[in-house]
Amino acid sequence: MNKSRYFIAFDIDDTLVPGGYPTFRDSIYAAINNTFKVNILKEERPYLSGMTDRGIILELLKEEGIKQKEAIKHIEKVYLAMNQYVNENIGQNHSYIAIESAKKFIKQLSKEKDFILGITTGNEENRAILKLRLIGLEKYFSFGVYGHLSKNRKDLALRLKMILVRDFNFSSK
């Protein structure tokens, strides 16, 4: 008998962890400012909420008059600088906790053999994995689709579908 398998994808911020961590948010501004020698201020920008890290970077640089082609040429440097900033500032002024009900749910699902757990997040991959490690959930996820892959969240869903078909033999319907 062929038993059904189920896939569940989780976002990280506001799903597994309460809000975004200041160190991670601040790293985007610091990395852009250092890489492009600009002075983008850390201020509230509600319109960036829900965007991927790539989308946030490109939008902030656009506001500074930097063309997308130029921004993309240096985006890997920005990701490296973001991760360096986080590593240097990780322990300062914040504790890293999971949303307890989400943590319990994931641990329970991980015991069920029919479920495949994954991550679909706007966070850049290294930052996403670090957040999961900090809250003790990294080991529960088989794979992820991350925010450095596209500036649009819709594209992440398409990549997720490709992974499910290719790596887990899910139907493409």
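Visitor: Which residues are linked with Arg 25 in a network of salt bridges?
Guide: A salt bridge is a side-chain nitrogen of Lys or Arg within 4 Å of a carboxyl oxygen of Asp or Glu. In this network, Arg 25 is linked with Asp 26 and Lys 42.

Visitor: What kind of model is this?
Guide: Residues are numbered from 1 along each chain as its sequence is written, and side-chain values use heavy atoms, leaving out hydrogens and water. Local features need pLDDT of at least 70, side-chain atom pairs count only at pLDDT 80 or more, and totals for chains, interfaces and linings use all residues; the model is predicted.

Visitor: How many salt bridges does the count come to?
Guide: One of them joins the side chains of Arg 166 and Asp 167, at 2.7 Å from N to O. Another joins Arg 133 and Glu 138, with the closest N and O atoms 3.1 Å apart. By the rule above, the count comes to 10.

Visitor: How many residues apart in sequence are the parts tied together by Asp 53 and Arg 127?
Guide: Their side chains meet in a salt bridge of 3.0 Å, N to O. Helices (H or I, at least four residues) and strands (E, at least two) are DSSP runs, numbered from the N terminus. Asp 53 lies in helix H2 and Arg 127 in helix H6 (residues 125-134), so the parts tied together are apart in sequence by 74 residues.

Visitor: Is Arg 127 buried or exposed?
Guide: Buried means under 20% relative accessible area, exposed over 50%, and partly exposed in between (1.4 Å probe, protein chains only). Arg 127 has 2% relative accessibility, so it counts as buried.

Visitor: What is the strand order in the open sheet?
Guide: Strands pair if DSSP finds at least two bridges between them. E2 (residues 115-120) and E3 pair in the parallel sense over 3 bridges. E1 (6-10) and E3 (143-145) each have a single partner strand, so one side of each is left without a neighbour in the sheet. The order is E1-E2-E3.

Visitor: Which helix packs on the sheet?
Guide: Look for a helix that touches E1, E2 and E3. Contact means heavy atoms within 4.5 Å. Its direction makes about 150 degrees with that of E3, where axes are lines fitted to C-alpha atoms, for helices over the stretch in contact, and angles run from 0 to 180 degrees between N-to-C directions. Residues 153-168 form this helix, H7.

Visitor: Which residue has its backbone oxygen 2.7 Å from a polar atom of the side chain of Thr 52?
Guide: Thr 52 lies in the loop between helix H1 (22-36) and helix H2 (53-63). It has 0% relative accessibility, so it counts as buried. The backbone oxygen of Lys 151 lies 3.4 Å from a polar atom of its side chain. At 2.7 Å lies the backbone oxygen of Ser 150.

Visitor: How many residues has the largest nonpolar core?
Guide: A nonpolar core is a set of buried Ala, Val, Leu, Ile, Met, Phe, Trp, Tyr and Cys residues joined through side-chain atoms within 4.5 Å. Those with the most contacts inside the largest one are Phe 10, Leu 16, Ile 106, Ile 119, Leu 137 and Phe 141. Helix H5 (100-110), E2 and H6 each supply at least two of its residues.

Visitor: How many residues are in the second, separate core?
Guide: This core includes Ile 32, Ile 40, Ile 56 and Leu 61. Its residues number 20.

Notes
A polar contact is a pair of N or O atoms within 3.5 Å; within protein, one must be able to donate a hydrogen and the other to accept it, and residues adjacent in sequence count only if both atoms are side-chain atoms.
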